Amino acid sequence: MADEETFRSHLAQALDHEATPVAPRLVLTAHAQPLDGDDYLVRVSLHNTTPADESDWQDLSAYDCRLSVEPGQTARIVRQRFRLAPHDYRFADEAEVVGRGTGCAAVPHGGGLRSETLPVHAQQTLVPRDDQVRAPRWRELADNPTPLLDSVEVAMARYQRQFKAACREAEGLAHHDDIRADLAAFEDETRRFGLGRECLELDERLAQAFRLANEVFARVNEHRPYDSWRLFQLVYLVTHLPALAAREHRDRADLRAELDHTDVLWFPAGGGKTEAYLGLILTALFYDRLRGKHAGVSAWLRFPLRMLSVQQLDRTLRLLAVAETLRCEQRIGAADDDPFALGYLAGGDSTPNDLAYEKAWWRGWQAEAEAARAGSFADDHKSDRLVITCPFCDRDAVSLELDTERMRLMHRCTACAKALPLYVVDSDIYRTLPSVVVSTVDKLTGHSWFPEFTAFQHGPRYVCERHGYFSFPRQGGCPAGPDRCTVPPGGHPVARPLHDPVPALTVQDEMHLLKEELGAFNAHYEGLIAELQSGAGTGLPSKVLGASATIEQYQDQLRQLYGRKPRAFPSPGWQLGKSFYVTTTPDIRRIHLGVLPHRRHKTDVAAIVQAELIREVARLQEDPAPLTALLAARGLPLSEDGVRALLFPYEVSLAYVNSKQHGAQLDEELGLLSDDMAATGFDRVQRVVLTGDVPVPELAASIARIQREGPSTPRGERLRALVGTSVLSHGVDLERLNLMVLAGMTPTVADYIQVTARAGRTHTGLVVTVHETRARRERSLFAHFHSHHRFLDRMVTPVPVNKYAFFAAQKTLPGVALALLHDAARRPEFGAPVEGIRRSKEFQRWWNTHRTAIEDMLERRITASYRERVTGVNGKGLEDDLVRRVTQRWHDEERPSLGRGAQDELTAFLFLERPLASFRDIDKASAFQPMNASLDAFKRLASAAGAEEERS
């Protein structure tokens with residue numbers, strides 16, 4: 001308006017001077033329902049009965065109401081068992097609740113109970129025990145591990161005696177069988193630890209490999225605040241040494257028996273699982289070189305999702321860089337042994353499958369080679385780097401480089417000029433066979449589509465001095481092709497035979513995600529891999545290990561996936577929150593806060609909460625005096641700079657959503673917040689949205705940015721807000737991520753554990769969960785907020801896997817058969833063409849000439865691929881029925897189709913059902929559209945539903 005006077009005059013005219021404020025009409029009701037005997041079910045409720053249209057200018061809601069109920073002198077509250085509480089003797093004193101809330105949580109209060117509208121659960125910290133064994137320092141274990149391992153063995157024997165005493169005290173009690181089973185599990189861990197120590201004495205090469213692995217960890221963490229294993233990590237490493245020793249001491253049945261087990265490392269998120277299995281992988285690498293394996297894959301690390309392995313990739317790369325330096329210093333192996341290297345086998349939109357062809361960000365060989373010659377390649381692909389920080393010099397100076405001579409895509413540090421030991425192109429991995437391969441489980445289908453995968457079991461046939469290993473020549477030369485590689489006189493030399501070419505270890509991380517059809521398909525291909533390994537090298541399979549923070553009834557999942565005996569580590573103790581390995585402290589790991597909005601959508605409320613958290617941290621950074629005074633009053637005096645340093649780890653917040661639509665809404669709200677904060681002098685809020693559509697390099701860049709930015713980076717340039725979906729729920733560990741808001745509960749408890757574990761890794765975390773009022777499940781979880789969080793780890797549902805599913809084998813059979821055919825093409829007795837049988841013309845000439853021998857072999861090996869690897873692990877009837885259906889499908893459908901005319905170029909297309917290229921893309925998308933009348937009806941319904949939602 002023109003001026004203040006005009007504004008006030010307009011305001012006076014608009015005011016209703018006769019308006020009378022009204023108070024909310026609150027009604028307290030109580031109802032007692034008789035039950036058996038003298039028991040009553042009592043309901044006490046507070047209702048706001050104010051009509052919604054009572055006032056158009058007052059907020060008549062009642063906020064932060066609280067009810068408390070105290071029984072009279074002659075009455076008492078009878079606690080009830082929480083229906084979802086685990087039937088576990090350790091939780092016997094925790095399983096009862098005092099009452100149930102509706103729109104609130106019920107908590108004990110004096111002799112009665114009260115309501116909580118914002119329930120809070122403080123999750124205590126699980127820490128390694130340090131009262132039995134001194135810290136297992138890497139440096140001491142690298143120099144002389146015997147004294148420390150002696151002390152661990154003594155401590156395990158002592159704890160075993162205490163466990164037995166607790167078991168005797170439980171005789172006659174309902175949980176005696178359960179505690180006895182837990183004791184047996186720990187006794188087996190003690191036995192295996194002793195067997196691991198025996199292997200260190202049996203084989204000096206293994207003992208040296210163990211010491212070298214510890215030396216690598218000591219060097220990598222030299223300038224970090226920790227210098228030792230956690231107790232469970234050390235015991236885990238030693239207990240799996242027999243599986244490595246079995247590869248050289250095949251006469252020892254007790255060592256070979258370890259390969260009949262699948263062992264899952266089951267430990268809370270953020271507890272150190274990754275470091276535990278990486279320690280074992282390093283030991284396997286050094287042991288392989290010391291026992292004469294000069295090249296090839298020693299460990300295959302797999303993840304169910306492509307995004308899971310970004311930070312694990314970085315950790316593994318750092319360890320391998322130091323391990324290779326140490327190998328050279330110690331002169332481990334021969335001078336011409338391959339260096340330790342890492343292969344990132346992802347393909348798809350993340351990395352190219354083959355440099356020759358255009359795909360996603362890769363423009364094809366000709367265009368990229370021209371860019372390399374013009375000097376623009378590195379700048380063109382700055383956003384496509386998988387690694388930004390150099391593992392050698394720790395500077396953010398890594399760029400992509402195209403080696404046009406060797407046809408390789410490299411990551412090179414421009415600061416120290418070192419090439420990173422990392423291969424990210426599928427074809428590069430076949431040609432280099434790096435020591436460690438990190439991939440998604442989908443890449444198991446590569447055995448069907450790419451014959452060079454046979455080198456994972458047999459090693460390569462040939463070597464090209466410029467382009468690396470290969471097994472099946474292309475037009476008489478290496479797979480680079482005649483345009484890029486000239487065949488030397490006499491042909492490419494035969495590759496040096498690999499000693500024990502099968503990888504010693506297979507590690508499946510985030511095992512709980514192998515479920516439903518993904519798990520069924522994976523189970524069939526795991527059977528295939530085991531069968532391929534049985535016919536290669538020494539005939540010994542890889543040792544299969546798993547890892548997960550959330551798994552329940554793991555035995556059935558492991559039996560079906562791998563057909564071996566299931567085993568979990570570490571075993572629990574007989575006390576809640578305490579075992580041989582860990583104990584619980586009063587320190588708070590994370591605080592969970594529940595919110596149940598009544599008139600606003602969960603996404604709106606989540607946006608408000610995240611905005612307020614960001615605002616408050618910024619406000620306290622500007623004026624730390626209020627927080628300084630509060631801390632001083634609590635006996636924690638800090639300077640204002642100290643308070644700012646305390647606030648810095650709480651600057652990054654994550655809003656977690658279950659849909660991309662909600663993510664877009666939150667991103668829009670953050671944009672408005674950023675504008676508002678910039679206008680009021682608090683700097684803009686830098687933010688990113690991370691979903692499954694985000695390329696891996698972009699995710700890696702966001703993670704690296706958060707890790708790199710410090711207090712010296714201007715606040716307006718720092719990344720302070722994330723919005724993410726399930727892509728952030730696994731494998732993302734950021735010390736600065738300690739504030740989290742969930743816009744609705746996750747679909748499963750396992751998802752919730754994984755998501756919320758991202759907050760509070762090194763500082764106490766705050767997790768605010770905004771529940772969906774209209775979802776019955778979420779209202780129930782809010783009402784049982786405390787019980788839900790108290791039993792969180794035990795409320796995980798079993799992983800649904802069914803390898804016997806009727807149509808699963810129909811989908812996997814062609815790929816299994818084709819992989820076995822490629823494997824047979826490596827065996828001289830079958831007389832396959834030297835170029836292999838990937839192309840249908842070569843295959844059918846071979847098939848028609850050697851059909852009888854091939855068919856006999858193929859049927860036998862197909863049957864073995866679908867059967868359990870250890871007899872008796874699964875039900876015989878289920879196994880026999882699966883094999884019968886597979887055999888019938890092979891005889892009636894797939895085998896006859898191989899004899900039809902070679903109309904297609906690839907052998908894969910001869911099959912009736914095309915071999916799987918992915919475990920997820922199993923159905924072809926079908927286009928459909930509604931008729932006009934249906935479309936009009938849908939629009940009217942959607943419009944009415946939207947209006948109703950707005951009113952609610």
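Predicted model: local features only at pLDDT ≥ 70, side-chain atom pairs only at ≥ 80, totals over all residues.
Q: How do you know which residues of α4 meet α5?
A: Contact means heavy atoms within 4.5 Å. By that test, C199, L200 and L202 in α4 meet E204, L206, A207 and F210 in α5.

Q: What makes up the contact of α4 with α5, by class of residue?
A: Six residues there are nonpolar, none are polar and one is charged. Glu counts as charged, and E204 in α5 is among the residues that meet α4.

Q: How does α4 pack with helix α6, and at what angle?
A: Helix α6 comprises residues 231-239, and α4 packs with α6 at an angle of about 65°, their axes being 7 Å apart. The crossing of α4 past α6 is left-handed.

Q: Which residues bring α4 and α6 together, and what are their classes?
A: From α4 come E189, R192, F193, G196 and R197, which meet V235, V238 and T239 in α6. This contact has three nonpolar, two polar and three charged residues. Gly counts as polar here, and G196 is one of the α4 residues in the contact.

Q: Why is D64 called exposed?
A: The relative accessible area of D64 is 66%. Exposed means over 50%, so D64 is exposed. You can find D64 in the loop between β2 (40-48) and β3 (68-69).

Q: Why is S399 called buried?
A: S399 has a relative accessible area of 17%. Buried means under 20%, so S399 is buried. S399 is in strand β12 and, leaving out residues up to four places away in sequence, touches A378, R385, M410, H411, R412 and T414.

Q: What makes the phi values of D64 and D394 worth a look?
A: Most residues other than glycine have a negative phi. Phi of D64 is near 50°, a positive value, and phi of D394 is near 65°, also positive. D394 sits in the loop between α12 (377-380) and β12 (398-403).

Q: Where is there a cis peptide bond, and what is its omega?
A: The cis bond joins F569 and P570, with omega about -5°. Most peptide bonds are trans. P570 lies in the loop between β20 (565-569) and β21 (582-595).

Terms used
Residues numbered from 1 in each chain as written. Heavy atoms only, no water. Helix = DSSP H or I, 4+ residues; strand = E, 2+ residues; numbered from the N terminus. Axes fitted to C-alpha atoms, helices over the stretch in contact; angles between N-to-C directions. Left-handed = near helix turned anticlockwise from the far one by under 90°. Buried < 20%, exposed > 50% of the residue type's maximum accessible area, 1.4 Å probe, protein only.
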